[in-house]
Amino acid sequence: DLDIVAGNWETNSRFTATNNDPIILYLNDFDANGSLDPLLTYSYKGIETTFASKEELTKQFPFLNKVFRTYKDFAKSSVDNAFGTRKLESALKKKVVELRSCFFENKEGVFVKKPLPLLAQIAPVNAIELIDKKNGLKDMLFFGNNLYVSTQLGQLDANRGILINQKSKGNFLHIIIT
């Protein structure tokens, strides 16, 4: 009976991701220079918007300076207007719909997702160490943080070490390590 524990990004930043409002990575040759360009979008108040600012995008896509003369014009525009519906539809798309770290309990070959306690969601989880207390239940040490993501996101460094204690199968209690 193999269960899965999956560390993830976290829910303590401006990003959110759901089935209805995913984070999307588009890959296409948006500037027609013969190489694939990444474009990351997310939902802000129900509207798909680019993660990168106008200043960051125009470094990668100088043609946007001709399309949007002002920051206000850029802010009012949709991703479709900026990059073209055809280019977005033909792009390779990768979607993220879950940012929480989760426990996936194997119930007769069907994995049931259970988000881990709130404190397991405060920073990225980059490593998990399982601890066997010889009681048949595994506890988990979560380690993470990411100091150099983007100036827009700031430092994602709220994880000082978190012990996730399993009280019973799939029932968790968290303890912060200081």
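1. Strand S6 (residues 102-107) and S7 run antiparallel and are joined by six bridges; strands here are DSSP runs of E of at least two residues, helices being runs of H or I of at least four, both numbered from the N terminus. Within this pairing, Phe-103 has Lys-114 in S7 as its bridge partner.

2. The model is a predicted one, in which local features need pLDDT of at least 70 and side-chain atom pairs count only at pLDDT 80 or more, while totals for chains, interfaces and linings use all residues. Residues are numbered from 1 along each chain as its sequence is written, and side-chain values use heavy atoms, with hydrogens and water left out.

3. S6 and S7 belong to an open sheet of three strands, in the order S1-S6-S7, with antiparallel pairing; two strands count as paired if DSSP finds at least two bridges between them. Its edges are strand S1 (4-6) and strand S7 (110-115), each of which pairs on one side only. From one strand to the next the twist averages 20°, with axes taken as lines fitted to C-alpha atoms, for helices over the stretch in contact, and angles running from 0 to 180 degrees between N-to-C directions.
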